[in-house]
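Morning, everyone. Let me put the model up on the screen, and then I will talk you through it.

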There are 2 protein chains.
Amino acid sequence: MTRLNEIPFVKGHGTGNDFVLIPDLDGRRGLSVDQVRWLCDRRRGIGGDGVLRVVRTEHMPEFAEWSGIAEFFMDYRNSDGTVAEMCGNGARVFVRYLRATGLITDDEIVIGTRGGLRTAILRGDGIITIDMGAAHTAEADVTVRANGHEWSAVPVFAPNPHAVTFIEALSEAGDLSQPPEVRSGDLFPSGTNVEFVVPEGERHVSMRVHERGVGETHSCGTGACAVAWAARRRDGVEGGDTTYRVDVPGGTLEVTETAAGALLLTGPADLVAKGNVLLPL
Amino acid sequence: MTRLNEIPFVKGHGTGNDFVLIPDLDGRRGLSVDQVRWLCDRRRGIGGDGVLRVVRTEHMPEFAEWSGIAEFFMDYRNSDGTVAEMCGNGARVFVRYLRATGLITDDEIVIGTRGGLRTAILRGDGIITIDMGAAHTAEADVTVRANGHEWSAVPVFAPNPHAVTFIEALSEAGDLSQPPEVRSGDLFPSGTNVEFVVPEGERHVSMRVHERGVGETHSCGTGACAVAWAARRRDGVEGGDTTYRVDVPGGTLEVTETAAGALLLTGPADLVAKGNVLLPL
(Lines give C-alpha, C1' and ligand atoms only; values in the text may rest on other atoms or scores of the structure.)
Protein backbone atom coordinates (compact mmCIF):
# COMPACT_ATOMS: atom_id res chain seq x y z
CA MET A 1 0.00 0.00 0.00
CA THR A 2 2.98 2.34 0.28
CA ARG A 3 4.50 3.79 -2.84
CA LEU A 4 6.61 6.86 -3.47
CA ASN A 5 3.75 8.70 -5.14
CA GLU A 6 1.24 8.31 -2.33
CA ILE A 7 -0.37 11.71 -1.88
CA PRO A 8 -3.18 13.08 0.31
CA PHE A 9 -6.62 13.80 -1.10
CA VAL A 10 -10.10 14.79 0.02
CA LYS A 11 -13.33 14.09 -1.84
CA GLY A 12 -16.32 16.39 -1.68
CA HIS A 13 -19.36 17.54 -3.61
CA GLY A 14 -21.79 20.42 -3.93
CA THR A 15 -25.30 19.35 -5.00
CA GLY A 16 -23.83 16.21 -6.59
CA ASN A 17 -21.11 18.03 -8.53
CA ASP A 18 -18.08 16.19 -7.16
CA PHE A 19 -14.39 16.93 -6.86
CA VAL A 20 -11.08 15.47 -5.77
CA LEU A 21 -9.14 18.03 -3.74
CA ILE A 22 -5.34 17.77 -3.80
CA PRO A 23 -3.51 19.94 -1.27
CA ASP A 24 -0.35 21.39 -2.81
CA LEU A 25 0.11 24.48 -0.68
CA ASP A 26 3.66 25.26 -1.76
CA GLY A 27 2.92 24.46 -5.41
CA ARG A 28 5.69 21.91 -5.70
CA ARG A 29 3.61 18.97 -6.79
CA GLY A 30 1.64 20.26 -9.76
CA LEU A 31 -0.63 17.80 -11.50
CA SER A 32 -0.19 16.46 -15.01
CA VAL A 33 -3.08 16.02 -17.42
CA ASP A 34 -2.76 12.26 -17.04
CA GLN A 35 -2.81 12.52 -13.24
CA VAL A 36 -5.98 14.63 -13.33
CA ARG A 37 -7.66 12.17 -15.69
CA TRP A 38 -6.68 9.25 -13.48
CA LEU A 39 -7.90 10.98 -10.30
CA CYS A 40 -11.27 11.68 -11.97
CA ASP A 41 -11.63 8.14 -13.38
CA ARG A 42 -14.62 6.77 -11.50
CA ARG A 43 -13.52 3.12 -11.71
CA ARG A 44 -9.72 3.10 -11.83
CA GLY A 45 -9.10 6.22 -9.73
CA ILE A 46 -11.04 8.22 -7.16
CA GLY A 47 -13.73 9.66 -9.42
CA GLY A 48 -14.93 13.22 -9.82
CA ASP A 49 -16.18 15.87 -12.19
CA GLY A 50 -12.94 17.73 -11.64
CA VAL A 51 -9.86 18.27 -9.49
CA LEU A 52 -9.34 21.23 -7.15
CA ARG A 53 -5.64 21.73 -6.47
CA VAL A 54 -5.21 23.84 -3.33
CA VAL A 55 -2.25 26.20 -3.71
CA ARG A 56 -1.09 29.31 -1.92
CA THR A 57 -1.60 32.12 -4.44
CA GLU A 58 2.03 33.26 -4.01
CA HIS A 59 3.07 29.99 -5.69
CA MET A 60 0.88 30.54 -8.80
CA PRO A 61 3.29 32.53 -11.02
CA GLU A 62 0.62 34.27 -13.11
CA PHE A 63 -1.50 35.21 -10.12
CA ALA A 64 1.07 35.89 -7.38
CA GLU A 65 0.18 39.60 -7.30
CA TRP A 66 -3.15 38.63 -5.72
CA SER A 67 -1.47 36.91 -2.78
CA GLY A 68 -2.03 39.91 -0.47
CA ILE A 69 -5.80 39.67 -1.08
CA ALA A 70 -6.36 35.96 -1.60
CA GLU A 71 -4.11 33.61 0.34
CA PHE A 72 -5.35 30.53 -1.54
CA PHE A 73 -5.86 29.81 -5.22
CA MET A 74 -8.32 27.27 -6.63
CA ASP A 75 -6.50 25.53 -9.46
CA TYR A 76 -9.56 23.91 -11.05
CA ARG A 77 -9.15 21.22 -13.71
CA ASN A 78 -11.87 19.51 -15.68
CA SER A 79 -11.95 15.71 -15.62
CA ASP A 80 -10.29 15.64 -19.05
CA GLY A 81 -7.28 17.48 -17.61
CA THR A 82 -7.98 20.88 -19.16
CA VAL A 83 -8.05 24.05 -17.03
CA ALA A 84 -11.27 25.99 -16.49
CA GLU A 85 -11.74 29.53 -15.29
CA MET A 86 -14.34 29.04 -12.60
CA CYS A 87 -16.69 26.50 -11.08
CA GLY A 88 -19.29 27.72 -8.60
CA ASN A 89 -19.99 24.35 -6.99
CA GLY A 90 -16.26 23.64 -6.85
CA ALA A 91 -15.58 26.98 -5.16
CA ARG A 92 -17.94 26.08 -2.31
CA VAL A 93 -16.25 22.73 -1.81
CA PHE A 94 -12.84 24.45 -1.98
CA VAL A 95 -13.81 26.94 0.74
CA ARG A 96 -15.35 24.21 2.88
CA TYR A 97 -12.05 22.35 2.69
CA LEU A 98 -10.05 25.44 3.73
CA ARG A 99 -12.24 25.86 6.78
CA ALA A 100 -12.40 22.17 7.71
CA THR A 101 -8.62 21.91 7.68
CA GLY A 102 -8.12 25.14 9.61
CA LEU A 103 -6.37 26.91 6.74
CA ILE A 104 -8.92 29.70 7.14
CA THR A 105 -10.86 30.77 10.20
CA ASP A 106 -12.81 33.80 8.91
CA ASP A 107 -16.43 33.62 7.78
CA GLU A 108 -15.74 35.78 4.75
CA ILE A 109 -12.69 35.30 2.55
CA VAL A 110 -11.44 35.97 -0.95
CA ILE A 111 -10.03 33.16 -3.09
CA GLY A 112 -8.13 33.33 -6.36
CA THR A 113 -9.45 31.58 -9.47
CA ARG A 114 -8.55 31.80 -13.14
CA GLY A 115 -11.83 33.67 -13.52
CA GLY A 116 -10.70 36.32 -11.03
CA LEU A 117 -10.92 36.98 -7.31
CA ARG A 118 -14.08 35.61 -5.67
CA THR A 119 -15.56 36.43 -2.29
CA ALA A 120 -16.98 33.56 -0.24
CA ILE A 121 -19.22 33.72 2.84
CA LEU A 122 -19.51 30.70 5.16
CA ARG A 123 -22.50 29.89 7.33
CA GLY A 124 -22.13 27.58 10.27
CA ASP A 125 -24.19 24.80 8.71
CA GLY A 126 -21.95 24.09 5.74
CA ILE A 127 -23.88 26.43 3.44
CA ILE A 128 -21.56 28.68 1.48
CA THR A 129 -22.16 31.70 -0.76
CA ILE A 130 -19.86 32.60 -3.65
CA ASP A 131 -19.98 35.96 -5.40
CA MET A 132 -20.05 34.86 -9.03
CA GLY A 133 -19.98 38.36 -10.51
CA ALA A 134 -22.39 39.82 -13.05
CA ALA A 135 -24.16 38.30 -16.04
CA HIS A 136 -25.21 39.85 -19.31
CA THR A 137 -27.21 38.94 -22.38
CA ALA A 138 -26.85 39.66 -26.09
CA GLU A 139 -29.15 40.74 -28.89
CA ALA A 140 -29.64 37.52 -30.81
CA ASP A 141 -32.32 35.04 -31.79
CA VAL A 142 -31.44 31.73 -30.15
CA THR A 143 -33.41 28.53 -30.68
CA VAL A 144 -32.89 25.20 -28.93
CA ARG A 145 -34.09 21.87 -30.29
CA ALA A 146 -34.30 18.66 -28.27
CA ASN A 147 -36.57 15.63 -28.15
CA GLY A 148 -38.46 16.76 -31.27
CA HIS A 149 -39.39 20.14 -29.75
CA GLU A 150 -38.10 23.61 -30.57
CA TRP A 151 -38.02 26.58 -28.22
CA SER A 152 -36.59 30.08 -28.28
CA ALA A 153 -33.92 30.63 -25.63
CA VAL A 154 -32.36 33.54 -23.75
CA PRO A 155 -28.60 33.87 -24.22
CA VAL A 156 -26.81 34.61 -20.92
CA PHE A 157 -23.08 35.03 -20.35
CA ALA A 158 -22.12 34.34 -16.72
CA PRO A 159 -19.48 34.88 -18.12
CA ASN A 160 -19.43 31.47 -19.82
CA PRO A 161 -22.24 30.99 -22.36
CA HIS A 162 -25.71 29.65 -21.56
CA ALA A 163 -28.88 29.21 -23.61
CA VAL A 164 -31.67 29.42 -21.01
CA THR A 165 -34.78 27.67 -22.31
CA PHE A 166 -38.11 27.96 -20.49
CA ILE A 167 -40.31 24.88 -21.00
CA GLU A 168 -43.51 23.39 -19.54
CA ALA A 169 -42.08 20.30 -17.80
CA LEU A 170 -38.49 19.10 -17.35
CA SER A 171 -39.34 15.79 -19.05
CA GLU A 172 -40.11 17.69 -22.29
CA ALA A 173 -36.37 17.99 -22.93
CA GLY A 174 -36.14 14.19 -23.12
CA ASP A 175 -32.84 12.31 -23.18
CA LEU A 176 -29.95 14.78 -22.94
CA SER A 177 -27.14 12.30 -23.47
CA GLN A 178 -26.60 14.07 -26.78
CA PRO A 179 -26.25 17.87 -26.93
CA PRO A 180 -29.40 19.81 -27.83
CA GLU A 181 -29.20 21.58 -31.19
CA VAL A 182 -28.66 25.32 -30.71
CA ARG A 183 -29.11 27.90 -33.47
CA SER A 184 -27.72 31.28 -32.56
CA GLY A 185 -26.03 32.71 -35.64
CA ASP A 186 -22.44 33.26 -34.54
CA LEU A 187 -23.21 34.05 -30.89
CA PHE A 188 -21.66 30.88 -29.46
CA PRO A 189 -18.58 30.12 -31.58
CA SER A 190 -17.32 27.57 -29.01
CA GLY A 191 -20.72 26.10 -28.21
CA THR A 192 -22.87 26.74 -25.16
CA ASN A 193 -24.36 25.20 -22.07
CA VAL A 194 -28.11 24.67 -22.38
CA GLU A 195 -30.52 25.01 -19.45
CA PHE A 196 -34.12 23.81 -19.49
CA VAL A 197 -36.17 25.67 -16.89
CA VAL A 198 -39.65 25.24 -15.43
CA PRO A 199 -41.24 27.94 -13.22
CA GLU A 200 -42.32 26.28 -9.95
CA GLY A 201 -43.70 29.24 -8.02
CA GLU A 202 -42.79 32.72 -6.92
CA ARG A 203 -39.04 33.17 -7.41
CA HIS A 204 -38.65 29.42 -7.62
CA VAL A 205 -37.62 27.42 -10.70
CA SER A 206 -36.36 23.92 -11.45
CA MET A 207 -33.83 23.13 -14.15
CA ARG A 208 -31.88 20.52 -16.06
CA VAL A 209 -28.60 21.35 -17.73
CA HIS A 210 -26.52 20.02 -20.60
CA GLU A 211 -22.97 21.22 -19.97
CA ARG A 212 -20.89 21.95 -23.01
CA GLY A 213 -18.41 19.15 -23.57
CA VAL A 214 -19.64 17.16 -20.56
CA GLY A 215 -23.28 16.09 -20.98
CA GLU A 216 -26.24 16.31 -18.64
CA THR A 217 -25.00 16.95 -15.10
CA HIS A 218 -26.49 16.99 -11.61
CA SER A 219 -25.72 20.64 -11.08
CA CYS A 220 -24.04 23.63 -12.71
CA GLY A 221 -23.30 26.72 -10.64
CA THR A 222 -22.96 29.23 -13.48
CA GLY A 223 -26.02 27.63 -15.10
CA ALA A 224 -28.09 28.25 -11.97
CA CYS A 225 -26.91 31.88 -11.97
CA ALA A 226 -27.80 32.29 -15.65
CA VAL A 227 -31.23 30.75 -15.05
CA ALA A 228 -32.00 33.02 -12.07
CA TRP A 229 -30.84 36.05 -14.06
CA ALA A 230 -33.14 35.15 -16.97
CA ALA A 231 -36.09 34.17 -14.73
CA ARG A 232 -35.98 37.49 -12.90
CA ARG A 233 -36.20 39.41 -16.17
CA ARG A 234 -38.93 37.10 -17.48
CA ASP A 235 -40.90 37.67 -14.26
CA GLY A 236 -40.29 41.41 -14.41
CA VAL A 237 -39.00 41.60 -10.82
CA GLU A 238 -37.68 45.12 -10.15
CA GLY A 239 -35.91 46.63 -7.18
CA GLY A 240 -33.04 45.61 -4.94
CA ASP A 241 -31.65 42.24 -3.91
CA THR A 242 -33.76 39.42 -5.35
CA THR A 243 -33.34 35.74 -4.49
CA TYR A 244 -34.44 32.78 -6.60
CA ARG A 245 -34.55 29.18 -5.47
CA VAL A 246 -33.14 26.98 -8.23
CA ASP A 247 -33.75 23.24 -7.97
CA VAL A 248 -31.13 21.21 -9.87
CA PRO A 249 -31.21 17.41 -10.23
CA GLY A 250 -28.60 17.11 -7.45
CA GLY A 251 -30.22 19.41 -4.90
CA THR A 252 -31.20 23.00 -4.32
CA LEU A 253 -29.28 26.24 -4.88
CA GLU A 254 -30.15 29.87 -4.21
CA VAL A 255 -29.11 32.75 -6.41
CA THR A 256 -29.35 36.32 -5.16
CA GLU A 257 -28.93 39.15 -7.62
CA THR A 258 -27.82 42.24 -5.73
CA ALA A 259 -28.84 45.78 -6.55
CA ALA A 260 -25.33 46.20 -7.93
CA GLY A 261 -25.83 43.26 -10.31
CA ALA A 262 -23.66 40.63 -8.61
CA LEU A 263 -24.96 37.05 -8.61
CA LEU A 264 -24.46 35.34 -5.24
CA LEU A 265 -24.63 31.56 -5.50
CA THR A 266 -25.53 29.83 -2.23
CA GLY A 267 -25.63 26.11 -1.56
CA PRO A 268 -24.24 23.17 0.37
CA ALA A 269 -20.74 21.75 0.21
CA ASP A 270 -20.00 18.34 1.69
CA LEU A 271 -16.67 16.65 2.36
CA VAL A 272 -17.12 12.89 2.31
CA ALA A 273 -13.71 11.23 2.49
CA LYS A 274 -10.06 11.93 3.10
CA GLY A 275 -7.02 9.79 2.72
CA ASN A 276 -4.09 8.98 0.52
CA VAL A 277 -4.31 8.09 -3.12
CA LEU A 278 -1.72 5.86 -4.75
CA LEU A 279 -0.98 7.73 -7.98
CA PRO A 280 0.31 5.25 -10.54
CA LEU A 281 1.62 7.99 -12.86
CA MET B 1 -13.63 16.71 9.10
CA THR B 2 -13.99 14.62 12.23
CA ARG B 3 -17.30 12.98 13.03
CA LEU B 4 -18.25 10.02 15.16
CA ASN B 5 -18.95 7.86 12.12
CA GLU B 6 -15.59 8.32 10.44
CA ILE B 7 -14.49 4.85 9.32
CA PRO B 8 -11.54 3.51 7.34
CA PHE B 9 -11.91 2.42 3.72
CA VAL B 10 -9.81 1.28 0.78
CA LYS B 11 -10.77 1.58 -2.87
CA GLY B 12 -9.64 -0.93 -5.49
CA HIS B 13 -10.59 -2.45 -8.81
CA GLY B 14 -10.05 -5.52 -10.96
CA THR B 15 -10.19 -4.82 -14.71
CA GLY B 16 -12.33 -1.74 -14.02
CA ASN B 17 -14.82 -3.52 -11.74
CA ASP B 18 -14.42 -1.35 -8.66
CA PHE B 19 -15.11 -1.79 -4.97
CA VAL B 20 -15.06 0.01 -1.65
CA LEU B 21 -13.46 -2.22 1.01
CA ILE B 22 -14.57 -1.67 4.61
CA PRO B 23 -12.49 -3.48 7.24
CA ASP B 24 -14.74 -4.82 10.00
CA LEU B 25 -12.60 -7.66 11.30
CA ASP B 26 -14.56 -8.29 14.48
CA GLY B 27 -17.91 -7.90 12.72
CA ARG B 28 -19.13 -5.18 15.06
CA ARG B 29 -19.80 -2.51 12.48
CA GLY B 30 -22.02 -4.21 9.96
CA LEU B 31 -23.26 -2.09 7.08
CA SER B 32 -26.84 -1.06 6.44
CA VAL B 33 -28.40 -1.04 2.99
CA ASP B 34 -28.38 2.75 3.04
CA GLN B 35 -24.71 2.85 4.03
CA VAL B 36 -23.78 0.52 1.16
CA ARG B 37 -25.75 2.61 -1.31
CA TRP B 38 -24.10 5.78 -0.04
CA LEU B 39 -20.60 4.27 -0.21
CA CYS B 40 -21.23 3.18 -3.83
CA ASP B 41 -22.72 6.54 -4.87
CA ARG B 42 -20.18 7.86 -7.35
CA ARG B 43 -20.94 11.55 -6.67
CA ARG B 44 -22.11 11.81 -3.07
CA GLY B 45 -20.04 8.96 -1.62
CA ILE B 46 -16.89 7.07 -2.63
CA GLY B 47 -18.23 5.24 -5.68
CA GLY B 48 -18.04 1.60 -6.62
CA ASP B 49 -19.81 -1.35 -8.20
CA GLY B 50 -20.04 -2.91 -4.76
CA VAL B 51 -18.76 -3.03 -1.20
CA LEU B 52 -16.46 -5.71 0.21
CA ARG B 53 -16.80 -5.87 3.98
CA VAL B 54 -13.75 -7.66 5.42
CA VAL B 55 -14.76 -9.82 8.38
CA ARG B 56 -13.13 -12.68 10.27
CA THR B 57 -15.22 -15.74 9.38
CA GLU B 58 -15.74 -16.55 13.07
CA HIS B 59 -17.85 -13.38 13.30
CA MET B 60 -20.19 -14.38 10.45
CA PRO B 61 -22.84 -16.38 12.33
CA GLU B 62 -24.03 -18.52 9.40
CA PHE B 63 -20.50 -19.32 8.24
CA ALA B 64 -18.53 -19.53 11.50
CA GLU B 65 -17.98 -23.27 11.01
CA TRP B 66 -15.59 -22.41 8.16
CA SER B 67 -13.34 -20.32 10.38
CA GLY B 68 -10.78 -23.11 10.75
CA ILE B 69 -10.35 -23.22 6.96
CA ALA B 70 -10.94 -19.62 5.93
CA GLU B 71 -9.85 -16.94 8.38
CA PHE B 72 -11.53 -14.14 6.39
CA PHE B 73 -14.97 -13.81 4.87
CA MET B 74 -15.83 -11.59 1.89
CA ASP B 75 -19.18 -9.98 2.71
CA TYR B 76 -19.99 -8.75 -0.79
CA ARG B 77 -22.82 -6.28 -1.36
CA ASN B 78 -24.10 -4.97 -4.65
CA SER B 79 -24.28 -1.21 -5.07
CA ASP B 80 -28.03 -1.32 -4.41
CA GLY B 81 -27.33 -2.82 -0.97
CA THR B 82 -28.40 -6.39 -1.73
CA VAL B 83 -26.11 -9.31 -0.93
CA ALA B 84 -24.58 -11.43 -3.68
CA GLU B 85 -23.06 -14.87 -3.47
CA MET B 86 -19.80 -14.33 -5.31
CA CYS B 87 -17.89 -11.84 -7.39
CA GLY B 88 -14.71 -13.01 -9.11
CA ASN B 89 -13.21 -9.57 -9.66
CA GLY B 90 -14.13 -8.59 -6.13
CA ALA B 91 -12.47 -11.70 -4.71
CA ARG B 92 -9.14 -10.71 -6.30
CA VAL B 93 -9.36 -7.20 -4.86
CA PHE B 94 -10.33 -8.68 -1.48
CA VAL B 95 -7.29 -10.98 -1.45
CA ARG B 96 -5.00 -8.18 -2.62
CA TYR B 97 -6.20 -6.12 0.32
CA LEU B 98 -5.54 -8.94 2.81
CA ARG B 99 -1.98 -9.23 1.55
CA ALA B 100 -1.30 -5.49 1.31
CA THR B 101 -2.38 -4.95 4.90
CA GLY B 102 -0.44 -7.97 6.21
CA LEU B 103 -3.56 -9.86 7.28
CA ILE B 104 -2.28 -12.78 5.21
CA THR B 105 1.25 -13.71 4.25
CA ASP B 106 0.77 -16.96 2.33
CA ASP B 107 0.65 -17.16 -1.46
CA GLU B 108 -2.29 -19.53 -1.39
CA ILE B 109 -5.27 -19.02 0.89
CA VAL B 110 -8.92 -19.93 1.24
CA ILE B 111 -11.56 -17.24 1.74
CA GLY B 112 -15.19 -17.57 2.73
CA THR B 113 -17.94 -16.22 0.46
CA ARG B 114 -21.71 -16.71 0.37
CA GLY B 115 -21.06 -18.85 -2.70
CA GLY B 116 -18.79 -21.18 -0.71
CA LEU B 117 -15.11 -21.49 0.14
CA ARG B 118 -12.77 -20.20 -2.59
CA THR B 119 -9.06 -20.81 -3.03
CA ALA B 120 -6.91 -17.87 -4.12
CA ILE B 121 -3.33 -17.91 -5.43
CA LEU B 122 -1.24 -14.73 -5.38
CA ARG B 123 1.60 -13.94 -7.75
CA GLY B 124 4.19 -11.34 -6.85
CA ASP B 125 3.04 -8.87 -9.51
CA GLY B 126 -0.48 -8.29 -8.20
CA ILE B 127 -1.99 -10.97 -10.44
CA ILE B 128 -4.34 -13.22 -8.50
CA THR B 129 -6.13 -16.45 -9.38
CA ILE B 130 -9.47 -17.44 -7.87
CA ASP B 131 -10.89 -20.96 -8.13
CA MET B 132 -14.43 -20.21 -9.25
CA GLY B 133 -15.63 -23.85 -9.25
CA ALA B 134 -17.30 -25.71 -12.10
CA ALA B 135 -19.78 -24.59 -14.73
CA HIS B 136 -22.54 -26.53 -16.45
CA THR B 137 -25.00 -26.05 -19.26
CA ALA B 138 -28.63 -27.08 -19.82
CA GLU B 139 -30.62 -28.58 -22.67
CA ALA B 140 -32.55 -25.61 -23.94
CA ASP B 141 -32.93 -23.43 -27.01
CA VAL B 142 -31.84 -19.94 -26.06
CA THR B 143 -32.02 -16.96 -28.39
CA VAL B 144 -30.72 -13.47 -27.78
CA ARG B 145 -31.93 -10.37 -29.60
CA ALA B 146 -30.15 -7.02 -29.58
CA ASN B 147 -29.63 -4.15 -32.01
CA GLY B 148 -32.04 -5.72 -34.54
CA HIS B 149 -30.10 -9.00 -34.70
CA GLU B 150 -30.99 -12.41 -33.35
CA TRP B 151 -28.57 -15.16 -32.38
CA SER B 152 -28.77 -18.51 -30.67
CA ALA B 153 -26.91 -18.60 -27.36
CA VAL B 154 -25.31 -21.18 -25.07
CA PRO B 155 -26.76 -21.29 -21.56
CA VAL B 156 -24.01 -21.58 -18.91
CA PHE B 157 -24.45 -21.67 -15.13
CA ALA B 158 -21.27 -20.57 -13.32
CA PRO B 159 -23.31 -21.02 -11.10
CA ASN B 160 -25.18 -17.79 -11.83
CA PRO B 161 -26.89 -17.77 -15.25
CA HIS B 162 -25.28 -16.65 -18.50
CA ALA B 163 -26.42 -16.62 -22.13
CA VAL B 164 -23.16 -16.81 -24.10
CA THR B 165 -23.69 -15.42 -27.59
CA PHE B 166 -21.03 -15.78 -30.28
CA ILE B 167 -21.14 -12.95 -32.80
CA GLU B 168 -18.95 -11.59 -35.63
CA ALA B 169 -17.89 -8.24 -34.13
CA LEU B 170 -18.51 -6.73 -30.68
CA SER B 171 -20.15 -3.67 -32.26
CA GLU B 172 -22.92 -5.92 -33.67
CA ALA B 173 -24.52 -5.99 -30.22
CA GLY B 174 -25.03 -2.23 -30.43
CA ASP B 175 -26.09 -0.12 -27.47
CA LEU B 176 -26.48 -2.32 -24.38
CA SER B 177 -27.94 0.31 -22.07
CA GLN B 178 -31.15 -1.70 -22.27
CA PRO B 179 -31.11 -5.47 -21.59
CA PRO B 180 -30.98 -7.73 -24.65
CA GLU B 181 -34.14 -9.76 -25.17
CA VAL B 182 -33.56 -13.39 -24.16
CA ARG B 183 -35.93 -16.25 -25.05
CA SER B 184 -35.21 -19.42 -23.15
CA GLY B 185 -38.51 -21.02 -22.21
CA ASP B 186 -38.36 -21.21 -18.40
CA LEU B 187 -34.61 -21.69 -18.12
CA PHE B 188 -33.89 -18.28 -16.56
CA PRO B 189 -36.79 -17.51 -14.26
CA SER B 190 -34.86 -14.64 -12.61
CA GLY B 191 -33.27 -13.35 -15.80
CA THR B 192 -29.72 -13.89 -17.01
CA ASN B 193 -26.45 -12.18 -17.77
CA VAL B 194 -25.77 -11.95 -21.50
CA GLU B 195 -22.28 -12.20 -23.01
CA PHE B 196 -21.42 -11.28 -26.60
CA VAL B 197 -18.25 -13.04 -27.69
CA VAL B 198 -15.94 -12.73 -30.69
CA PRO B 199 -13.19 -15.31 -31.36
CA GLU B 200 -9.88 -13.45 -31.69
CA GLY B 201 -7.42 -16.31 -32.22
CA GLU B 202 -6.37 -19.60 -30.74
CA ARG B 203 -7.83 -19.82 -27.21
CA HIS B 204 -8.41 -16.07 -27.24
CA VAL B 205 -11.76 -14.31 -27.27
CA SER B 206 -13.08 -10.82 -26.60
CA MET B 207 -16.42 -10.09 -24.97
CA ARG B 208 -18.96 -7.52 -23.85
CA VAL B 209 -21.41 -8.26 -21.07
CA HIS B 210 -24.81 -7.05 -19.96
CA GLU B 211 -25.09 -7.91 -16.28
CA ARG B 212 -28.53 -8.76 -15.01
CA GLY B 213 -29.94 -5.81 -13.07
CA VAL B 214 -26.85 -3.68 -13.65
CA GLY B 215 -26.32 -2.92 -17.33
CA GLU B 216 -23.26 -3.16 -19.54
CA THR B 217 -20.15 -3.38 -17.33
CA HIS B 218 -16.39 -3.18 -17.83
CA SER B 219 -15.83 -6.71 -16.61
CA CYS B 220 -17.64 -9.70 -15.15
CA GLY B 221 -15.66 -12.54 -13.59
CA THR B 222 -18.28 -15.26 -13.78
CA GLY B 223 -19.13 -14.04 -17.28
CA ALA B 224 -15.52 -14.54 -18.39
CA CYS B 225 -15.60 -18.04 -16.91
CA ALA B 226 -18.85 -18.86 -18.71
CA VAL B 227 -17.44 -17.53 -21.97
CA ALA B 228 -14.23 -19.57 -21.70
CA TRP B 229 -16.24 -22.66 -20.83
CA ALA B 230 -18.47 -22.22 -23.89
CA ALA B 231 -15.60 -21.26 -26.22
CA ARG B 232 -13.64 -24.37 -25.30
CA ARG B 233 -16.59 -26.58 -26.20
CA ARG B 234 -17.27 -24.62 -29.38
CA ASP B 235 -13.61 -25.04 -30.38
CA GLY B 236 -13.63 -28.75 -29.46
CA VAL B 237 -10.52 -28.49 -27.27
CA GLU B 238 -9.98 -31.83 -25.52
CA GLY B 239 -7.49 -32.92 -22.88
CA GLY B 240 -6.23 -31.50 -19.60
CA ASP B 241 -5.84 -27.92 -18.35
CA THR B 242 -6.85 -25.42 -21.02
CA THR B 243 -6.39 -21.68 -20.75
CA TYR B 244 -8.32 -19.00 -22.63
CA ARG B 245 -7.46 -15.33 -22.77
CA VAL B 246 -10.65 -13.30 -22.37
CA ASP B 247 -10.50 -9.59 -23.25
CA VAL B 248 -13.17 -7.58 -21.45
CA PRO B 249 -13.77 -3.83 -21.96
CA GLY B 250 -11.84 -3.09 -18.74
CA GLY B 251 -8.78 -5.25 -19.41
CA THR B 252 -7.69 -8.85 -19.86
CA LEU B 253 -8.54 -11.95 -17.85
CA GLU B 254 -7.40 -15.55 -18.16
CA VAL B 255 -9.59 -18.55 -17.47
CA THR B 256 -8.08 -22.00 -17.02
CA GLU B 257 -10.35 -25.01 -16.99
CA THR B 258 -8.63 -27.82 -15.14
CA ALA B 259 -8.90 -31.50 -16.01
CA ALA B 260 -11.15 -31.78 -12.96
CA GLY B 261 -13.50 -29.11 -14.34
CA ALA B 262 -12.64 -26.18 -12.06
CA LEU B 263 -12.52 -22.73 -13.64
CA LEU B 264 -9.54 -20.69 -12.45
CA LEU B 265 -10.01 -16.96 -13.04
CA THR B 266 -6.75 -14.99 -13.22
CA GLY B 267 -6.34 -11.25 -13.47
CA PRO B 268 -5.05 -8.04 -11.91
CA ALA B 269 -6.25 -6.40 -8.72
CA ASP B 270 -5.27 -2.81 -7.94
CA LEU B 271 -5.66 -0.83 -4.74
CA VAL B 272 -5.82 2.88 -5.52
CA ALA B 273 -6.70 4.78 -2.36
CA LYS B 274 -7.07 4.41 1.39
CA GLY B 275 -8.41 6.73 3.98
CA ASN B 276 -11.36 7.55 6.13
CA VAL B 277 -14.87 8.07 4.90
CA LEU B 278 -17.29 10.31 6.72
CA LEU B 279 -20.45 8.20 6.75
CA PRO B 280 -23.46 10.53 7.05
CA LEU B 281 -25.86 7.70 7.96
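I will go from the pair of chains, to the domains, to some local details.

One caution to begin with: this is a predicted model.

Start with the two copies. The same surface serves both of them: 100% of the contact residues of chain A recur in chain B.

Now the domains. Chain A is divided into domain 1, which is 6-133 + 269-278, and domain 2, which is 142-261. The C-alpha centres of the two domains of chain A lie 25 Å apart. Their contact takes 8 residues from domain 1 and 12 residues from domain 2. About 680 Å² is buried between them, and carbon and sulfur atoms give 57% of that area. Who loses the most area on the domain 1 side? Thr15(A), Asn89(A) and Met132(A) do; together they make up 62% of what that side buries.

Stay with Thr15(A) for a moment. Thr15(A) sits in the loop between β1 (6-14) and β2 (17-23) of chain A. Its phi is near 45 degrees, a positive value in a residue other than glycine. Buried or exposed? Thr15(A) has a relative accessible area of 2%, so it is buried. Chain B gives us Thr15(B), in the loop between β1 (6-14) and β2 (17-23) of that chain. Phi of Thr15(B) is near 45 degrees, again positive and again not a glycine. Thr15(B) counts as buried, at 2% relative accessibility.

Thr143(A) has Ser152(A) as its bridge partner. β9(A) and β10(A) form a hairpin with 2 residues between them. In that turn, Asn147(A) has a positive phi of about 55 degrees.

Move on along the chain. β10(A) pairs with β11 (residues 161-166) over 4 bridges, in the antiparallel sense. Pro155(A) faces Ala163(A) across that pairing. What is the peptide bond from Ala158(A) to Pro159(A)? That bond is cis, with omega near -15 degrees. In chain B, a cis peptide bond joins Ala158(B) and Pro159(B), with omega about -15 degrees. Pro159(B) lies in the loop between β10 (149-157) and β11 (161-166) of chain B.

Two helices to finish. First, α3 of chain A, residues 221-235. This helix has 15 residues and reaches 21 Å from first C-alpha to last, close to the 21 Å expected. How many of its residues are buried? The count is 12 of the 15, so α3(A) is largely enclosed by the rest of the structure. Among the buried ones are Cys225(A), Trp229(A) and Arg232(A). Just after α3(A), Gly236(A) takes a positive phi of about 65 degrees.

Then α2 of chain B, residues 88-100. Its 13 residues should span 18 Å at 1.5 Å a residue; the end C-alpha atoms are 19 Å apart, which agrees. α2(B) is mostly covered, with 10 of its 13 residues buried. That list includes Asn89(B), Arg92(B), Phe94(B) and Tyr97(B). After α2(B) comes Gly102(B), with a positive phi near 80 degrees.

Thank you; over to you for discussion.

Terms used:
Residues are numbered from 1 along each chain as its sequence is written. Chains are lettered from A and ligands numbered from 1 in the order in which they are written. This is a predicted model: local features need pLDDT of at least 70, side-chain atom pairs count only at pLDDT 80 or more; totals for chains, interfaces and linings use all residues. Side-chain values use heavy atoms; hydrogens and water are left out. Two strands pair if DSSP finds at least two bridges between them. Contact means heavy atoms within 4.5 Å. The expected span of a helix is 1.5 Å times one less than its number of residues. Buried means under 20% relative accessible area, exposed over 50%, partly exposed in between (1.4 Å probe, protein chains only). Domain bounds come from an automatic or database domain assignment. Buried area is the accessible area (1.4 Å probe) that two parts lose on being put together, summed over both.
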